[in-house]
Amino acid sequence: MAGKVVSITSVKGGVGKTTLLLNLAGIYCTLNKRVLIIDFDLYSGGVATLLDVKNKKDIYMMIDSMGNNRFTELKDYVTVYNKNIDVLASPKDPRDASKVDSKFIPIIFDVAKKEYDVILVDTSHILDEINLTILDYSYMSLFVITNDLVDLKNMRSLMSIFKDTNKNNYLTVLNNSRDTGKDYLSLYDIRNITGVNIDYTISKNYYIKNVDKFVMDGEILTLNKKVNTFHQRDVDIMQKMALDLIDDRHSKEER
Ligand SMILES: Nc1ncnc2c1ncn2[C@@H]1O[C@H](COP(=O)(O)OP(=O)(O)O)[C@@H](O)[C@H]1O
Ligand SMILES: [Mg+2]
């Protein structure tokens, strides 16, 4: 098996990355793909909490073992969510976050690609060595942006870096389900400010009022029939996104 690494990132925090990542995981699950979620939001990762899995191991423990030649199998470090989805959690002890060396990222990805169809990587919004390395070794990256001027301006700077470095294996999504009041900039304005096309838009209808109830139950929204029926249009968009992100047409850029 040669799995694909898909990273979800942004230039601003709280834009809905983790929520979208979990929704994509749910969609891949219904497509019967084996999914590993790696929580590289090292300082404030919340995937294990949101999925209500009690992880004994985390990403730092795995890297520590690798550095000391004690690493044998990935399954010793992942936590099972359901029959298709496993989680490699962010450090349980936040003091371990700064000890994660980016040189292990490609090694972790290579190990994961042998066992999973899709490796979904959650990130923080800080463009540090960790995130740059993740972007570098991703099959595809998904940029989440909001209808927010500062966010869009920062996105423009990042996009010009990408143009300089010829990075083109990314897609963009405008998430209107977070700040439902803020849709004063049109898609046309957004394209002008960021200098990129918006590939997908999640509508403000996808604002889930009782999202905390799902969190308490460790439930993934896209695995809930009622939510899917009620929000079919946005779910269809996420389904398209999920398929596009792992489409073989991007394989030229695969590393
Ligand atoms: N579609 C949505 N409906 C309601 N609340 C949402 C939605 N998407 C995100 N949120 C809430 O917004 C906050 C930030 O979302 P999150 O996915 O954690 O963003 P990020 O990972 O970019 O920091 C969380 O409290 C989350 O529950
Ligand atoms: Mg997050």
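This is a predicted model: local features need pLDDT of at least 70, side-chain atom pairs count only at pLDDT 80 or more; totals for chains, interfaces and linings use all residues.
Ligand 1 is surrounded by residues from several stretches of the sequence: Gly 14, Val 15, Gly 16, Lys 17, Thr 18 and Thr 19, then Ser 177 and Arg 178, and finally Tyr 206, Tyr 207, Ile 208 and Val 211. Helix H1, which spans residues 17-30, gives the largest share of this shell, with 3 residues. Sorted by class, the shell contains 5 nonpolar, 5 polar and 2 charged residues.

Oxygen atoms of ligand 1 make polar contacts with Gly 14, Lys 17 and Thr 18. At Gly 14, a backbone N or O atom is 3.0 Å from a ligand oxygen. A polar backbone atom is likewise involved at Lys 17, at a distance of 2.9 Å. At Thr 18 the contact is made by an N or O atom of the side chain, 2.8 Å from an oxygen of the ligand. Taken on its own, ligand 1 has an accessible area of 560 Å², of which the protein covers 77%.

Helix H1 contributes 6 residues, the largest share of the lining. Both H1 and helix H8 (211-216) supply at least two lining residues each. By class, the lining consists of 15 nonpolar, 7 polar and 5 charged residues.

Key:
Residues are numbered from 1 along each chain as its sequence is written. Chains are lettered from A and ligands numbered from 1 in the order in which they are written. Side-chain values use heavy atoms; hydrogens and water are left out. A residue is near a molecule or strand if one of its heavy atoms lies within 4 Å of it. A polar contact is a pair of N or O atoms within 3.5 Å; within protein, one must be able to donate a hydrogen and the other to accept it, and residues adjacent in sequence count only if both atoms are side-chain atoms. Accessible areas come from the Shrake-Rupley method with a 1.4 Å probe; for residues, only the protein chains shown count as cover. Helices (H or I, at least four residues) and strands (E, at least two) are DSSP runs, numbered from the N terminus. Ala, Val, Leu, Ile, Met, Phe, Trp, Tyr, Cys and Pro count as nonpolar, Asp, Glu, Lys and Arg as charged, and the others, Gly among them, as polar.
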